[in-house]
Amino acid sequence: MFMNTEFQRELQNRISDLKKEGLYNKIKTLESPQGAWLEINGEEVLNFSSNNYLGLANHKEIVKAAQDALNKFGIGPGAVRSIAGTMTLHNELEKKLAEFKKTEAVLTFQSGFNANLAVIPALVGREDTIISDELNHASIIDGTRLSGAEVKVYNHVDMKSLEEVLQSDCKGRKLIVTDGVFSMDGDIAPLADIVELGKKYNALVMVDDAHGEGVLGSHGRGIVDHFNLHGEVDIEVGTFSKAIGTVGGCVAGSKVLKEYLKQQGRPFLFSSAVTPPDIAATIKAVEILQRDDKLVSKLWENGDKFKEKLKEAGFDVGHSETPITPVMIGDAKTAQELSDRLFEEKIFAQSIGYPTVPKGKARIRVMISAVHSSDDLEYAVEKFKKVGKEMDLI
């Protein structure tokens, strides 16, 4: 087989540079289900790297729902829904999600990433303007690029900066886009203020609630519920791969928005639907959230406790307003070393560097879950303190 050797050397040199800069991502191989503890390399380690906020990824009821759907509907959807048809499971999930989110309608996609790639280019184009928070997720950034619209960026959660952009020359339709919860810092977008500015300047408002669903609002309904803005946000994007514990994404909004995206959302039209077991699992997860608020409350209790203990120990945990706990380090190589040292102490907590976060703002992103016990948290705090002192970080 012919391979361009010069090109291969170039790739290898780039990989070497990433390693030197502490930006090479060492991906662990898991040998057990997602949970408070994991098995890696045959050893049990405390799991602080998962977005499985509520511990639903291995919940017995959800696993059973997936197994039942597998037996009834098989493993695959056949093709895209617009050609092969929509299974009753997909319709059932979209109906339940609309009720849960208190919106008119929901359309599901293969992932939250795909949902952003579907909705943004479908709603705005080259003659329009997107106004985007500077720390928005990569899927929003890619969606804006695909749209061809002019993109104007405002300073992170800075409403004065947003208004200045809205007052500038914005051509065509205006779309304000923001994450709801910013996953690397744990802060919350001031959505009520954004909605008011949207009304004032006749701009659509879109929020990506990937890290708010299952975390914010009553029963984890998300950021719109958190601010009591039902019916005032034009587009809500969500994902099932975080707190919901499964896989897939969705767009929530009006019935006409759903109908339009079924005709014009390219990931819906050109990529096969989520599999029946995954859809059934998501249905059961939503039912569990509707049933009670215990897991959401436990998540917040654990997150608040852990952040306070790390602050007391002398760590900088940024300005998080959610259970997401960024342990700010700065230098990428130091953050990676801290992650490696913690792993030696049986704590799986990955370092995060550029391009996921800006250069000079590397960190350990600790993700607390509802299934971590008080003993788990105490163990982790002691290990963070031990390694932090050995590395002169505290």
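**Entry 1. Charges and provenance**

I began with the charges: the protein chain carries 48 positive and 58 negative side chains, and the centres of the two sets lie 3 Å apart. For this count, Lys and Arg are positive, Asp and Glu are negative, and His and the chain ends are not counted. I took the place of each charge as NZ of Lys, CZ of Arg, CG of Asp or CD of Glu.

I note that this is a predicted model, in which local features need pLDDT of at least 70 and side-chain atom pairs count only at pLDDT 80 or more, while totals for chains, interfaces and linings use all residues. Residues are numbered from 1 along each chain as its sequence is written, and side-chain values use heavy atoms, with hydrogens and water left out.

**Entry 2. Overall dimensions**

I looked up the secondary structure and found 15 helices and 13 strands in the protein chain. These are DSSP runs numbered from the N terminus: H or I with at least four residues for helices, E with at least two for strands.

Along its principal axes, the C-alpha trace spans about 60 × 60 × 55 Å.

I then examined the surface. The accessible surface comes to about 18100 Å², of which 49% belongs to carbon and sulfur atoms; the areas come from the Shrake-Rupley method with a 1.4 Å probe, and for residues only the protein chains shown count as cover. Of the 394 residues, 52% count as buried. Buried means under 20% relative accessible area, exposed over 50%, and partly exposed in between (1.4 Å probe, protein chains only).

Of the contacts with a separation of 6 or more, 70% are between residues 24 or more positions apart. A contact means heavy atoms within 4.5 Å.

**Entry 3. The sheet of β10, β13 and β12**

I traced an open sheet of 3 strands in the order β10-β13-β12, with antiparallel pairing. Its edge strands are β10 (324–330) and β12 (351–352), each of which pairs on one side only. Two strands pair if DSSP finds at least two bridges between them.

β10 and β13 (residues 362–367) are joined in the antiparallel sense over 6 bridges. I recorded two positions in this pairing: G330 has A362 of β13 as its bridge partner, and T325 stands opposite V366 in β13. As for cover, 5 of the 7 residues of β10 are buried.

In the loop between β12 and β13 I located P355. The peptide bond from Y354 to P355 is cis, with omega near 10 degrees.

**Entry 4. Strand β3**

I next inspected β3 (residues 105–109), where 5 of 5 residues are buried. A105, L107 and F109 point one way, V106 and T108 the other, and all are buried. In a regular strand, side chains alternate between the two faces of the sheet.

β3 runs antiparallel to β9 (residues 249–253), and 5 bridges join the two strands. Here A105 stands opposite G253 of β9.

**Entry 5. Two asparagines with positive phi**

I checked backbone torsions and found that N202, although not a glycine, has a positive phi of about 55 degrees. N202 lies in the loop between α8 (191–200) and β7 (204–208). Its relative accessible area of 67% makes it exposed.

N228 likewise has a positive phi, near 55 degrees, and is a residue other than glycine. Its loop is the one between α9 (223–226) and β8 (235–239). N228 counts as exposed, at 58% relative accessibility.

I placed K298 in helix α13 (residues 294–313), where it counts as partly exposed at 26% relative accessibility. Leaving out residues up to four places away in sequence, K298 touches A370 and H372.

L216 I found in the loop between β7 and α9. It counts as buried, at 2% relative accessibility. Beyond residues up to four places away in sequence, its contacts include V181, I188, W300 and T322. I also noted that L216 and I368, 152 residues apart in sequence, are 15 Å apart in space, C-alpha to C-alpha.
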